[in-house]
Amino acid sequence: MPPRILLIGAGGFIGGNLLKSLSSKIELIPVFYSHIPSEFKQNALKIDVTDLTQLGKIIQKTKPQILINLTCINREESEKNPLKAYHINVKGAVNCALVAQQYKLRFIHFSTDMVYKGDKKKGLYTLFDLPQPINFYGRTKLIAENKIKNIAQNYVILRTGLVLGIKQFWRGGFVDWMLKRIKDQKSLPLY
C-alpha cells in the first residue's frame, strides 16, 4: 500500500502539477493556504504553515507517513515583502520540520538553486559548493535548510532550479513569468 502523503503548498506551481499528475496514483492529501480548487474541495485542507498548533492538528487528523513542504514566497515577492517571506519561507519550513520530527514522518522540503551565487563557470553545483545567495529569497531558503538540518532526522532537501511546466490552477510558472517580463520590457533577474 502506498504511503499517505500530506502535500503542503499544493496551490503553487509544483504542488499543482504534482496533484494533477499523481493524485490518481497515490494518496495525496492536498493542503492549500487560501483558495482550494473545485476539483479538490472534498479532500483538501487549508492551513497557515506559520501556525504550529494548526499544523499539528492536521497531522493528527490525516495521519500521513510523508510530509512534503512546497510552501514559499517567490523571489520577486520576497524582495518586496521580506518579513512575509521570512515568515513563510523560514518559520513555515521550521514548523513542518518540527511536526515531522514529532510525529516521526519522512520530511521532504523543496528549496532552490538560488542558495548559490549563480556564477559557477564549469559544471553543475553540488553539495560541496558553498551556498552564497545574492537575494533575500535565496537567503531565506538557505536559513530554512540549515534549521531543518538541526531539527529533523528523516528528511530530504531538494534544491530545484528553473522548474518549467504547464500552468495549474491560478498561477503561472517560470515561463509565464519570463514571457510577461519580456512583454513588459523588464529585465530577467535570476541569481
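Predicted model: local features only at pLDDT ≥ 70, side-chain atom pairs only at ≥ 80, totals over all residues.
1. Helix α5 covers residues 136-151. Helices here are DSSP runs of H or I with at least four residues, strands are runs of E with at least two, and both are numbered from the N terminus. The expected span of a helix is 1.5 Å times one less than its number of residues.

2. Residues are numbered from 1 along each chain as its sequence is written, and side-chain values use heavy atoms, with hydrogens and water left out.

3. Which residues of α5 are buried? They are Tyr137, Gly138, Thr140, Lys141, Leu142, Ala144, Glu145 and Ile148. Buried means under 20% relative accessible area, exposed means over 50%, and partly exposed lies in between (1.4 Å probe, protein chains only). These buried residues pack against α3 (75-80), α4 (82-102), β5 (106-112) and β6 (155-160); contact means heavy atoms within 4.5 Å.

4. Strand β2 (residues 28-32) is largely enclosed by the rest of the structure, because five of its five residues are buried. Leu28, Pro30 and Phe32 lie on one side, and Ile29 and Val31 on the other, so both faces are covered.

5. Strand β2 also has two pairing partners. Strands pair if DSSP finds at least two bridges between them. Strand β1 (residues 5-8) runs parallel to β2 and is joined to it by four bridges; Leu7 has Pro30 as its bridge partner. Strand β3 (residues 45-46) is also parallel to β2, with two bridges, and here Phe32 is partnered by Lys46.

6. The largest nonpolar core has 21 residues, and Leu6, Ile8, Ile47, Leu67, Cys96 and Phe107 touch the most other members. Such a core is a set of buried Ala, Val, Leu, Ile, Met, Phe, Trp, Tyr and Cys residues joined through side-chain atoms within 4.5 Å. At least two residues each come from β1, β2, α2 (52-62), α4 and α5. Helix α4 gives the largest share, five residues. Another core, of 14 residues, lies apart from this one and includes Ile36, Phe40, Ile68 and Leu70.

7. Arg181 belongs to helix α6 (residues 174-183). Is Arg181 buried or exposed? Its relative accessibility is 11%, so Arg181 counts as buried. Beyond its neighbours within four places in sequence, Arg181 contacts Glu76, Lys186, Ser187, Leu188 and Pro189.
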